[in-house]
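Open the model in your viewer and keep the selection tool at hand. The stops below say what to select and what is there.

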Amino acid sequence: MSDRSTAAGPQRTCIGCRQVTEREQLVRLVRVDSPDGGTPQLRHDPTGSAPGRGAWLHPDATCLDRALRRGAAARSFRSAVDTGHLARDLESVITSPTRKRGDEAMDIR
Ligand SMILES: [Zn+2]
């Protein structure tokens, strides 16, 4: 709560751990309509600027897990969202406890 950051950039709240963090440190999730008219899906937005309502998450396995388990995603969107695709979407950007270089992920288009 009193953890004050000196960052100057825009800040967003991670829906996993609820920490307010520099936007650059988070990945954007976006709600997209389901092709079969069912529950909207929550997907990774690699561009960070896809249209639609977005949410933000640390690219971190713990935050993802929390977001999925606590229903934080649905709460953030104020409606049910299908998070079934999210773990796979984020597979390439998630940081596992052992830190690795993540530069390669930028090449995916
Ligand atoms: Zn987080």
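Start by selecting H58, which is buried, with a relative accessible area of 14%; buried means under 20% relative accessible area, exposed over 50%, and partly exposed in between (1.4 Å probe, protein chains only). Before going on, note that this is a predicted model, in which local features need pLDDT of at least 70, side-chain atom pairs count only at pLDDT 80 or more, and totals for chains, interfaces and linings use all residues. Residues are numbered from 1 along each chain as its sequence is written, and side-chain values use heavy atoms, with hydrogens and water left out.

**The zinc site**

Which atoms coordinate the zinc ion? They are C14 (SG), C17 (SG), H58 (ND1) and C63 (SG), at 2.0 to 2.4 Å. Donors here are N, O and S atoms within 2.8 Å of the metal (3.2 Å for Na, K and Ca); water is not among the atoms, so sites may look incomplete. The angles that the four donor atoms subtend around the zinc ion are 102 to 118 degrees, which makes the arrangement tetrahedral. Four donors count as tetrahedral if all angles lie between 85 and 135 degrees.

Along the sequence, the donor residues follow the spacing C-x2-C-x40-H-x4-C. Helices (H or I, at least four residues) and strands (E, at least two) are DSSP runs, numbered from the N terminus.

Now select R18, in the loop between strand 1 and strand 2. R18 is not a glycine, yet its phi is positive, about 70 degrees. With a relative accessible area of 48%, R18 is partly exposed.

**Helix 1**

Select helix 1 and show its side chains. Which of its residues are buried? They are C63, L64 and A67. Seen down the helix axis, these buried residues fall within an arc of 100 degrees, so they line one face of helix 1; the arc is that of the directions from the helix axis to the C-beta atoms. Their cover includes strand 5, helix 2 (72-77) and helix 3 (86-89).

At the N-terminal end, D60 caps helix 1, with a side-chain oxygen 2.7 Å from the backbone nitrogen of T62. After helix 1 comes G71, with a positive phi near 70 degrees.

**Further stops**

Next, select S34 in the loop between strand 3 (27-32) and strand 4 (41-45). S34 is buried, at a relative accessible area of 12%. Its side chain and that of D36 are joined by a polar contact of 2.4 Å. Apart from neighbours within four places in sequence, S34 is in contact (heavy atoms within 4.5 Å) with T39, P40 and Q41.

Move to R78, in the loop between helix 2 and helix 3. R78 is exposed, at 70% relative accessibility, and has a positive phi near 55 degrees.

Finish at E91, in the segment after helix 3. E91 is exposed, at 61% relative accessibility. Its C-alpha atom is separated by 9.9 Å from that of D60, 31 residues apart along the chain.

**The whole chain**

Zoom out. The chain has three helices and five strands, in the order β-β-β-β-β-α-α-α from the N terminus. Of its 109 residues, 28% are buried.

Terms used: Tetrahedral: all angles 85-135°; square planar, octahedral: opposite > 155°, others 65-115°. Polar contact = N/O pair within 3.5 Å; in protein donor to acceptor, adjacent residues only side chain to side chain.
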